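Please open the structure in a viewer and keep the selection panel at hand.

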Amino acid sequence: MLTEDEKDALFEAICDGDRDCVVALVTKARDAGDDLAVLLNEAMIPAMAEVGEQFSAGEVFVPEMLVAARAMQGGIDIIEPVLAQTDHEPLARVCIGSVKGDWHDIGKNLVVMMLKGAGFEVEDLGVDVANEEFAKALERGNQVVCLSALLTTTKPQMISVVNHLREVSNGAKIVIGGAVITQDYADKIGADAFGEDAPGAVKAVKRALGMVA
Ligand code: B12
């Protein structure tokens, strides 16, 4: 089990972009059988929030955010196979992408992990995804489209995706999320559901499919 000092070291390693240290500590936690969801929520996600605050304060710049994101992803890559394990038949097929113009993918990757763990089959379309790519994913048999946006400038892009998908598909369920998205916004643009975080994404997808109220 990681000690409190090691958890602090993990937080610092993400902030500093020290990928090797993140990989070493997360590997140690996994091998010790630690609860990786707790580690993610208590040490790793707060580290990304800290980097964001430092960026807002002008203390770090884009390159630092990028190395922090790479370090974080190094840890996520170790956690994903553990949290995404499931023996069940897929509940439904879901695709997800960050909308056109948005390159942020850490939150989206966590949503992918949680959805897989909850028993969904997930097609990850990546970042900067054009409206047509979401439409093609529906043609491939995905029942739900999840959209992620982290920027105030890419938030309106969701309106364009929703309108496009409503034109080309009758039954598509659309779930949206990301730091700049709210339930009000989801209602306003006609999305089927909104999720605040990765566990919330699972609930939102189930809600959109009518599996839960
Ligand atoms: C890392 C980072 C980057 C990295 C991204 C690397 C990567 N591979 O993702 C890089 C360096 C590329 C980057 C670039 C930029 N960034 Co940036 N970035 C961040 C940072 C520090 C962390 C983002 C993150 O990973 N958060 C942690 C994850 C876990 O949280 P999350 O993404 O919100 O996801 C959770 C929920 O939102 C939800 N969720 C997410 N997606 C979805 C989808 C669905 C369907 C659902 C249901 C839920 C859901 O679940 C997730 C898990 O809990 C944030 C600061 C912050 N506090 O968020 C700034 C931040 C988002 N960036 C910001 C800015 C301004 C930029 C740039 C414009 C900077 C520049 N001048 O170039 C560029 C834009 C590039 C582009 N076109 O996308 C601003 C955005 C301000 C705004 N409101 O518009 C922020 C908030 C920093 C700040 N405080 O000013 N960035």
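**First stop: Asn-131**

Select Asn-131 and its surroundings: leaving aside residues up to four places away in sequence, Asn-131 touches Gln-157, Ser-160, Val-161, His-164 and Leu-165, where contact means heavy atoms within 4.5 Å. This is a predicted model, in which local features need pLDDT of at least 70 and side-chain atom pairs count only at pLDDT 80 or more, while totals for chains, interfaces and linings use all residues. Residues are numbered from 1 along each chain as its sequence is written, and side-chain values use heavy atoms, with hydrogens and water left out.

Asn-131 belongs to helix α6 (residues 131-139); helices are DSSP runs of H or I with at least four residues, strands runs of E with at least two, numbered from the N terminus. Asn-131 counts as buried because its relative accessibility is 10%; buried means under 20% relative accessible area, exposed over 50%, and partly exposed in between (1.4 Å probe, protein chains only).

**Second stop: the cobalt atom**

Next, select His-104, in the loop between β1 (93-99) and α5 (106-117). Its NE2 is the only protein donor of the ligand's cobalt atom, at 2.3 Å. Donors are N, O and S atoms within 2.8 Å of the metal (3.2 Å for Na, K and Ca); water is not among the atoms, so sites may look incomplete.

Finally, select residues 36-56, helix α3. Its buried residues include Leu-36, Met-44 and Gln-54, and what covers the buried residues of α3 includes α1 (4-16), α2 (19-31), α4 (62-83) and α5. After α3, look for Gly-58, whose phi is positive, near 75°.

Note on methods: Expected span 1.5 Å × (residues − 1).
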